[in-house]
Each structure stands twice: as C-alpha cells, then as structure tokens.
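Have the model open beside you as you read.

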Amino acid sequence: MTFDLSKTKSIANTFVAELRDENIQKDSMRFRKNLERVGEFFAYEISKTLKYTTKEVITPLGTSQCEVLEQQPVLATILRAGLPLQQGLLNIFDKAECCFISAYRKVKKSGDFIIQMDYISTPDLDGKILIMADPMLATGQSMVMCCKELINRYKIAELHIVAAIASIEGVAHVRANLPKAKLWLGAIDEEMTSKSYIVPGLGDAGDLAYGEKV
C-alpha cells in the first residue's frame, strides 16, 4: 500500500510546497516546523488504519462509550534529518515509545557510497507497530537497511514508512525489499542526480533543518 499525499487536496500539500521552496528554506525553524506538520498529518492518516477498542469514560455528567487506540506504535527515525518528522508523529501518538538509528552515506574516493549504520537505540519491538520516518526516500538503501536490521532483531507486527519526498527508484527499492511495508509519502519525484539527490526534491533535509555539516 502506498499513500501519495500529492494525489489528494489538503493543507498538508502547502507544507510540502514550503519544504521545497528555496526562499522559505532559508528559515530553518520554519523548515523544521513544516516537517513536523507533515509528520502530524501522516500520524492522523496512519491512525485510521490501526485497531481500536471501546472504553467507558466517566464524565462529570455521566458515562460515554469511546473508541480509543488499542496499541501505541513505536516511532523510529534515522538521525539527524528525521527528528522533526518524528516529532510530528510523536505530537499525535503522544504515548509512543521511540527508536533512534544513526545511518549515513559513507562516500568512497570514486564518488560511490555505502550506507554506514553505527548506532541503534530502541525499545522492545516484538509484536509492535513500527513507524519509520525519514524526510527523503532517495535510493531507499538506508531505509531498507535500517528496517531490515530491526526486522531481523524483532518480530514486528506492522511496518509503516513515512517520507516527505520520495523518488520512483527509492519506492521501487523499498517495495522489492520490504513488500509488506505501508508507504506514506508527501510526493514522489521522477529523477535523481548522479549523487543520488532527488530532483526536484528539496535539497539536503538535515542541512536545511540543522545547518550545513562539514
């Protein structure tokens, strides 16, 4: 299942447009906030697919039968760019536990790169719903590597992947390697540069959110 936000009409598309806009990008606080808003939107959409149970709630004037979430998901992200997107998910799933993964492109002298994964901090994921967030799904290699590492360690019940912008190639790579994953994407772009940056994309999400790295 793939949910493509750009195929719908909602205010969330405005947030994605602002993420792309090179002039608005100059305000890093607004860039982070827009990623957070996109995360909140996808949390709401994902919540529609989850299981609920009926709970009797006592009010000052009586009782009410309410539908409440049966199980909180675990919210995972790839550092550092994914932090604002994860925060948006956490604003909605506000009792969720969180998982953090350090993974990055290690560039060789030839210009090619491999995905280097150095660190994972996670709660027990057995039987849990996992939502993995990363702003950009370019080649899909880092997403697949991180998800497979967690799948190899735990018996995950459901896997949801959230990205603000994806490439066609990245979606295909995830589909081929994580066929049961549900994808929640702000937009899907057709091209990538020789250095595997999405075109038109939005640039380097981590740098835009937190400053250029050296």
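What covers the buried residues of H1? The cover includes H2 and strand S10 (165-167). Before going further, please note that this is a predicted model, in which local features need pLDDT of at least 70, side-chain atom pairs count only at pLDDT 80 or more, and totals for chains, interfaces and linings use all residues. Residues are numbered from 1 along each chain as its sequence is written, and side-chain values use heavy atoms, with hydrogens and water left out.

The buried residues of H1 include Ala12, Phe15, Val16, Glu18 and Leu19. They lie on the same side of H1, because they cover an arc of only 160 degrees around the axis; the arc is that of the directions from the helix axis to the C-beta atoms. Here, buried means under 20% relative accessible area, exposed over 50%, and partly exposed in between (1.4 Å probe, protein chains only). Helices (H or I, at least four residues) and strands (E, at least two) are DSSP runs, numbered from the N terminus.

**Overall picture**

The protein has six helices and 14 strands. Its radius of gyration, taken over C-alpha atoms, is 18 Å, close to the 17 Å that the globule rule (2.2 Å times the number of residues to the power 0.38) gives for 214 residues, so the protein is as compact as a globular protein of that length. The C-alpha trace spans about 70 × 40 × 30 Å along the principal axes. Of the 214 residues, 44% count as buried.

Leaving aside neighbours within four places in sequence, Phe31 is in contact (heavy atoms within 4.5 Å) with Leu19, Gln25, Leu202, Ala205, Leu208 and Ala209.

Strand S4 (residues 74-79) is mostly covered, with five of its six residues buried.

| Partner of S4 | Sense | Bridges |
|---|---|---|
| Strand S5 (residues 97-107) | parallel | six |
| S7 | parallel | four |

To place the pairings by eye, look for Leu75 with its bridge partner Cys98 in S5, and for Val74 opposite Leu130 in S7.

**Backbone details**

The peptide bond from Leu79 to Arg80 is cis, with omega near 0 degrees; Arg80 sits in the loop between S4 and H3. Another cis peptide bond joins Val199 and Pro200, with omega about 0 degrees, and Pro200 is in the loop between strand S14 (198-199) and H6. Ser196, in the loop between strand S13 (191-192) and S14, has a positive phi of about 65 degrees although it is not a glycine. Ser196 counts as buried, at 13% relative accessibility.

Technical notes
Pairing = 2+ DSSP bridges.
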